[in-house]
Amino acid sequence: MGCWKGPSTVLACLLLLHPLPSPACPTACRCSLGEVDCSEHALRKVPQSLSTNTITLWLGYNFITVLGPRSFPPLPGLLLLSLPHNCLELIHSQALVGLRALQELDLSNNYLTVLNPETFLPLTSLATLNLGSNKLAELDPGVLRALPQLQVLLLQDNPWVCSCGILPLWRWLSHNREKVQEKSLLLCRVPEQLNKYPIMAFGNESFGQCQETSLSVKYYIAFLIIGPFSFMASIFFCTFMGSIVVVYHNLCREPHFWGRTH
């Protein structure tokens, strides 16, 4: 009966007989050793009763349409987040706050049309991003620049519009070819004459007209400064020339005036 030697010994014995409960697992999920699988349960939002020890989270094949502000509870150790085959249309700029350790994010096979660079700022450790099979016609390269550790990028099977608007993305892709996976599936959808044309096959000459018409910020500032000055100068010049014309006409009339008086 050694368990009765003192209060601390009694507490230790009770803990052995009744161990602390393991972190709760969401009702619609299966949990095991840091892995939480909530796939194929018709979920419409991210479960909030997730353990802070979660390392991998599977949420594929559900009906999550929006990731609102702070959609996830604090998950400081989460390394993999999988959200394919949902109905995801919108990701709020604060949706992924608290996932700073995340290394892999799968958003493929959804309905995303626009992505905000601010959304991805918290993901300072992200190495793999899958945006394949969405509805992206353009992509702000600021989204990719917000990911300093990005090594693998998938963008295949999106309806890319190959106009001047895709030039910034093309430049990023051209300078980061080693990070782009499935390059052969990165195809134009619009305009029709470029349908299924590989985006990575474009060269600088393909965007010649865009480069001629696109102006940097410094040029716009110069126009704002020079414009008012040129306007005032034109008014001054017109006034000056008008005055000269009036004086000239007056001088031309004076001899006739003096001739009539004599």
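Here is a tour that starts at the sheet, moves through some loops and ends on a helix.

Before clicking, note that this is a predicted model: local features need pLDDT of at least 70, side-chain atom pairs count only at pLDDT 80 or more, and totals for chains, interfaces and linings use all residues. Residues are numbered from 1 along each chain as its sequence is written, and side-chain values use heavy atoms, with hydrogens and water left out.

**Stop 1**

Switch to cartoon and pick out the open sheet of 8 strands, ordered 1-2-3-5-7-8-9-11 with mixed pairing. Its edges are strand 1 (30-32) and strand 11 (180-181), each of which pairs on one side only. Two strands pair here if DSSP finds at least two bridges between them; strands themselves are DSSP runs of E, at least two residues, and helices are runs of H or I, at least four residues, numbered from the N terminus.

Now select residues 35-37 and 56-58: these are strand 2 and strand 3, parallel to each other over 3 bridges. Asp37 has Trp58 in strand 3 as its bridge partner.

**Stop 2: the salt bridge**

Stay on Asp37 and show side chains. Which residue forms a salt bridge with Asp37? Arg30 does, with the closest N and O atoms 2.9 Å apart. A search of the whole structure finds 1 salt bridge, meaning a side-chain nitrogen of Lys or Arg within 4 Å of a carboxyl oxygen of Asp or Glu. Arg30 counts as partly exposed because its relative accessibility is 48% (buried is under 20% relative accessible area, exposed over 50%, partly exposed in between, with a 1.4 Å probe and protein chains only).

**Stop 3**

Go to Glu40, in the loop between strand 2 and strand 3. Glu40 has a positive phi of about 55° although it is not a glycine, and at 61% relative accessibility it counts as exposed.

Next, jump to the loop between strand 12 and helix 4, where Lys196 sits. Lys196 is another non-glycine residue with positive phi, near 70°; its relative accessible area is 63%, so it is exposed. In the loop between strand 12 (188-190) and helix 4 (208-213) you'll also find Pro191, and the peptide bond from Val190 to Pro191 is cis, with omega near 0°.

**Stop 4: two loop residues**

Select Asn110, in the loop between strand 7 (104-106) and strand 8 (128-130). Is Asn110 buried or exposed? It is buried, because its relative accessible area is 2%. Its side chain reaches the backbone oxygen of Leu107 at 3.0 Å, and a polar atom of that side chain lies 3.1 Å from the backbone nitrogen of Leu88. Beyond neighbours within four places in sequence, the contacts of Asn110 (heavy atoms within 4.5 Å) include Pro84, His85, Ser133 and Lys135.

Then try Pro69, in the loop between strand 4 (66-67) and strand 5 (80-82). Pro69 is exposed, at 53% relative accessibility. Not counting residues up to four places away in sequence, it touches His92, Gln94 and Ala95. The C-alpha atoms of Pro69 and Gln94 are 4.7 Å apart, though the two are 25 residues apart along the chain.

**Stop 5: the helix**

Finish on helix 5 (residues 217-261), where you'll find Phe237. With a relative accessible area of 52%, Phe237 is exposed. Colour Phe236, Phe237, Phe240, Met241 and Ile244 together: they make a nonpolar surface patch of about 540 Å². Patches are made of residues with over 30% relative accessible area and no salt bridge, with like charges joined within 9 Å and nonpolar side chains (Val, Leu, Ile, Met, Phe, Trp, Tyr) within 5 Å. The areas come from the Shrake-Rupley method with a 1.4 Å probe, and for residues only the protein chains shown count as cover.

How values were computed
A polar contact is a pair of N or O atoms within 3.5 Å; within protein, one must be able to donate a hydrogen and the other to accept it, and residues adjacent in sequence count only if both atoms are side-chain atoms.
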